[in-house]
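Dear colleague,

I am handing over the structure we spoke about, together with some notes on what was found in it. Please look at the sequence and the model first, and then read the notes beside them.

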Protein chains: 4
Amino acid sequence: MQTPIILVNFKTYAEATGRNALNLAKTAEKINQETGVSVGIAPQFVDIASIAQNVSIPVFAQHIDPVTHGSFTGHVLPEAVKEAGAVGTLINHSERRLKLADIDAAITRAQQVGLVTVICSNNSAVSAAIAALNPNMVAVEPPELIGSGIPVSKAKPEVVSGTVELVKRVNPNVIVLCGAGITTGEDVASALKLGTKGVLVASGIVKAKDQYKALLDFAEAITKA
Amino acid sequence: MQTPIILVNFKTYAEATGRNALNLAKTAEKINQETGVSVGIAPQFVDIASIAQNVSIPVFAQHIDPVTHGSFTGHVLPEAVKEAGAVGTLINHSERRLKLADIDAAITRAQQVGLVTVICSNNSAVSAAIAALNPNMVAVEPPELIGSGIPVSKAKPEVVSGTVELVKRVNPNVIVLCGAGITTGEDVASALKLGTKGVLVASGIVKAKDQYKALLDFAEAITKA
Amino acid sequence: MQTPIILVNFKTYAEATGRNALNLAKTAEKINQETGVSVGIAPQFVDIASIAQNVSIPVFAQHIDPVTHGSFTGHVLPEAVKEAGAVGTLINHSERRLKLADIDAAITRAQQVGLVTVICSNNSAVSAAIAALNPNMVAVEPPELIGSGIPVSKAKPEVVSGTVELVKRVNPNVIVLCGAGITTGEDVASALKLGTKGVLVASGIVKAKDQYKALLDFAEAITKA
Amino acid sequence: MQTPIILVNFKTYAEATGRNALNLAKTAEKINQETGVSVGIAPQFVDIASIAQNVSIPVFAQHIDPVTHGSFTGHVLPEAVKEAGAVGTLINHSERRLKLADIDAAITRAQQVGLVTVICSNNSAVSAAIAALNPNMVAVEPPELIGSGIPVSKAKPEVVSGTVELVKRVNPNVIVLCGAGITTGEDVASALKLGTKGVLVASGIVKAKDQYKALLDFAEAITKA
């Protein structure tokens with residue numbers, strides 16, 4: 001996966017569900033094609049297949065369960081997510097926290113089926129703990145800033161730089177992203193300066209008046225950096 | 001929704017994931033067309049859209065979360081399930097139990113978006129409790145018999161008839177199904193004799209050597225009854 | 001258990017932990033002795049034993065788990081709660097919601113060891129569902145009013161009277177309490193007028209400037225009614 | 001806390017509930033007095049206070065919740081556990097797994113009130129993750145061996161030595177214990193040879209025909225080592 005990356009979490013926003021999800025996915029693909037900047041998208045489970053069939057950029061699940069083929073009604077099977085066309089998955093998002101043993105098991109299962117893992121964390125100590133589980137990426141997001149419009153890279157730069165430092169010490173192979181409150185290209189630039197390889201963003205793009213312009217602003221911050 | 005109904009839960013079985021899920025859905029549609037018996041299917045979230053586009057029988061989600069549009073990463077939004085083509089949903093399956101207040105809220109949300117609700121229960125008292133929440137259907141399944149091959153209609157007929165009786169007393173509008181260990185047409189016939197309007201089945205169909213024959217056996221038990 | 005009852009939930013308030021818990025328990029006992037009104041108390045697990053040894057009024061646990069003797073580290077065993085001196089337990093409080101099947105199992109376990117069950121609910125439909133599980137009492141508390149100081153008996157009287165009516169229809173043996181925002185004797189009087197047999201209260205007593213006066217006000221409302 | 005330590009988890013065993021819990025606590029104290037070996041005990045919440053008042057050895061809670069004084073009905077408040085006389089707590093036992101962010105928050109809360117933290121893990125990677133959260137101890141226990149009578153130190157020595165090695169690399173201040181299937185002094189000796197500073201044990205002591213003899217066997221293995 002090419003970095004720096006802008007990873008857009010669609011959550012369950014109306015502006016990113018069903019037909020709207022497909023439209024936003026195409027906008028993200030357009031930005032990638034125009035700027036060369038890596039843009040990933042994480043739509044809802046039911047939208048993964050149709051989006052993956054229609055765009056060339058990386059599609060992520062918002063969550064997987066650490067389950068196998070078998071009796072797991074209502075769970076999200078890594079194999080199914082993969083077959084639907086996703087190339088990676090978020091795990092342990094602030095809105096879908098997992099037990100520690102389940103994060104470990106979900107990372108293992110993702111690796112078995114070939115999904116890139118982006119594990120969310122809430123502070124630098126938890127980021128370091130996650131790094132010990134050997135995922136591909138950690139995305140640190142102080143929960144109180146999520147959806148706030150106050151960028152973590154300004155409000156809590158020490159959480160971001162602390163995560164970069166602690167993760168490097170525990171496991172230098174793990175790529176660090178940051179998120180929460182990221183709404184402008186300037187916020188993205190700050191995130192990169194703090195040592196991350198990109199951002200995890202949701203409302204900043206999904207709820208923008210002009211999703212294309214907002215994403216372009218993000219991408220240009222990366223090309224300039 | 002026409003009853004009696006055979007509702008096939010695909011769980012996360014390999015034989016009912018991705019391409020296999022679509023094949024089983026088409027088999028189920030064929031049985032419906034040949035026998036006129038109502039057959040519903042509950043595939044995994046990521047498979048709902050492609051299946052709903054390709055078959056005319058009712059598609060159910062295996063679970064929904066009691067959430068709305070907004071910040072609910074990794075959750076299953078009723079609106080998204082509906083837009084993907086599902087007409088109903090299982091709730092509170094033995095493998096995906098919910099808190100009581102969340103069952104109530106999930107039923108309300110399903111009704112708001114127009115999804116038929118099939119709430120799973122583990123005994124007759126819990127079935128009666130669920131009936132008070134006014135879902136469309138209750139499916140009683142003693143957990144210890146799920147996947148056992150020992151049909152609830154034979155092993156614990158009193159759980160089934162007790163559910164039928166208690167549910168009728170609390171809320172006569174609620175349709176009762178039963179499940180767990182149902183593997184033959186004879187089991188289906190017993191379920192109907194005990195007062196249910198159909199069965200919830202998983203391994204009995206999904207893991208059958210010949211899924212078509214197994215489903216046909218079920219459907220013929222209904223046409224004979 | 002004598003009704004009407006004032007059941008005081010100590011939560012994890014500083015004013016009702018450890019030594020403070022014992023003091024509040026003695027205050028509650030004094031009110032009971034002076035007015036004859038039934039007063040129950042629900043302290044934290046670790047405080048149950050010392051309180052039960054020192055007061056004669058009924059002591060409740062704030063929660064039990066539906067477990068038995070065995071391998072259940074960190075769980076609350078009904079037998080242990082009983083041996084420590086509790087005579088009853090809250091189950092499914094808004095701050096400790098349980099899965100439906102676990103509420104049913106916890107009620108069964110409580111009955112096996114002889115604990116009175118007070119099951120919390122968030123609305124009238126859920127109250128009716130709980131009544132079908134045959135507990136001793138249901139305490140309806142709209143979550144948005146808990147700790148608000150706005151009494152449910154004024155803000156949502158229809159939730160209280162609806163609960164009384166629906167519970168009577170499903171299971172007339174179940175006693176109805178109400179809670180949330182109850183802070184004065186007047187609120188208690190309203191609760192009784194709406195058909196309940198008492199109140200579940202927390203901050204209204206625990207955080208009162210004068211716990212004795214606040215409880216006396218509650219008790220006198222009951223003796224007057 | 002003196003190491004090596006034998007930490008006895010009482011779970012919800014009948015042989016270690018209520019009066020039996022107090023008896024076992026006194027037996028453990030006797031072993032400590034006779035051999036000088038450090039013995040800790042983790043009884044159920046309701047038994048903490050009476051045991052802490054009656055024995056001089058360290059008492060642990062089996063779990064705490066990452067909550068503060070306030071509205072947390074049915075939760076286990078660190079302050080209350082401390083005031084009841086516990087000096088430490090287990091966190092994240094296999095039978096009471098927590099979300100990662102909650103383990104981090106529970107460790108922080110325990111430190112704020114002065115409780116020693118023993119965090120349970122299921123494998124060496126998870127142990128390393130926990131070490132990054134800076135607890136006092138990690139106790140590695142492969143869940144499949146818990147209660148099996150097959151000692152982890154023999155069945156999976158690589159899990160134990162791997163934990164010792166990885167934890168040292170991530171955070172050398174963290175003390176490593178191991179558990180699962182430990183039933184003889186020989187198992188304890190193996191655990192020490194693999195680099196741990198003691199064992200977490202439950203059924204091996206609690207369910208022993210002669211709890212005193214079993215504990216003595218453990219303690220002598222430590223004095224010999």
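This is a predicted model: local features need pLDDT of at least 70, side-chain atom pairs count only at pLDDT 80 or more; totals for chains, interfaces and linings use all residues.

**Chain A against chain B**

The contact between these two chains draws on 33 residues from chain A and 33 residues from chain B, and the area buried between them comes to about 2900 Å², with carbon and sulfur atoms giving 55% of it. Within the part that chain A buries against chain B, Thr12(A), Val46(A) and Thr73(A) supply 25% of the area, which is more than any other three residues supply.

As for polar interactions, 23 residue pairs are found in polar contact across the interface of chain A and chain B, both residues of each pair being at pLDDT 80 or more. There are also 2 salt bridges across this interface, and the side chains of Arg19(B) and Glu83(A) meet in a salt bridge with an N to O distance of 3.6 Å. On the side of chain A that touches chain B, the elements that give two or more residues are α2 (45-54) and α3 (78-83) of chain A, and α2(A) provides the largest share, with 4 residues. Sorted by class, the residues on this side of chain A are 13 nonpolar, 15 polar and 5 charged.

**How the two copies are related**

What rotation superposes chain A on chain B? The superposition takes a rotation of 180 degrees with 0.0 Å of shift along its axis, and it leaves an RMSD of 0.0 Å. The two copies are therefore related as by a two-fold rotation axis. The same surface serves both copies, since 100% of the contact residues of chain A recur in chain B. Val46(A), already named for its part in the buried area, is the residue of chain A that comes closest to the rotation axis, with its C-alpha at 2.3 Å.

**Chain D against chain A**

At this second interface, 18 residues of chain D are in contact with 18 residues of chain A, and the buried area is about 1400 Å², of which 73% comes from carbon and sulfur atoms. The count of salt bridges across the interface of chain D and chain A is 0, while 4 residue pairs, both at pLDDT 80 or more, are in polar contact there. The elements of chain D that give two or more residues to the side touching chain A are α4 (100-113) and α5 (124-131), and α5(D) gives the most, with 5 residues. By class, this side of chain D has 12 nonpolar, 3 polar and 3 charged residues.

Ser71(A) lies in the loop between β3 (60-61) and α3 of chain A, and counts as partly exposed at 33% relative accessibility. Leaving aside neighbours within four places in sequence, Ser71(A) is in contact with Lys11(B), Thr12(B), Tyr13(B) and Glu95(B), and its side chain makes a polar contact of 3.4 Å with the side chain of Tyr13(B). Along its own chain, Ser71(A) is 88 residues from Val159(A), and the C-alpha atoms of the two are separated by 40 Å.

Is Thr117(D) buried or exposed? Thr117(D) has a relative accessible area of 0%, and therefore counts as buried. Its place is in strand β5 of chain D, residues 116-121, and, apart from neighbours within four places in sequence, Thr117(D) is in contact with residues including Thr89(D), Ile91(D), Ile107(D) and Met137(D).

Cys178(D) belongs to strand β7 of chain D, residues 175-179, and is likewise buried, at 0% relative accessibility. Leaving aside neighbours within four places in sequence, Cys178(D) is in contact with several residues of chain D, among them Val140(D), Val152(D), Ala191(D) and Leu200(D). Cys178(D) and Ser153(D), which are 25 residues apart in sequence, have their C-alpha atoms 7.9 Å apart in space.

With kind regards

Note on methods: Residues are numbered from 1 along each chain as its sequence is written. Chains are lettered from A and ligands numbered from 1 in the order in which they are written. Side-chain values use heavy atoms; hydrogens and water are left out. Contact means heavy atoms within 4.5 Å. Buried area is the accessible area (1.4 Å probe) that two parts lose on being put together, summed over both. A salt bridge is a side-chain nitrogen of Lys or Arg within 4 Å of a carboxyl oxygen of Asp or Glu. A polar contact is a pair of N or O atoms within 3.5 Å; within protein, one must be able to donate a hydrogen and the other to accept it, and residues adjacent in sequence count only if both atoms are side-chain atoms. Ala, Val, Leu, Ile, Met, Phe, Trp, Tyr, Cys and Pro count as nonpolar, Asp, Glu, Lys and Arg as charged, and the others, Gly among them, as polar. Buried means under 20% relative accessible area, exposed over 50%, partly exposed in between (1.4 Å probe, protein chains only). Copies are superposed by least squares on the C-alpha atoms of residues with pLDDT of at least 70 in both.
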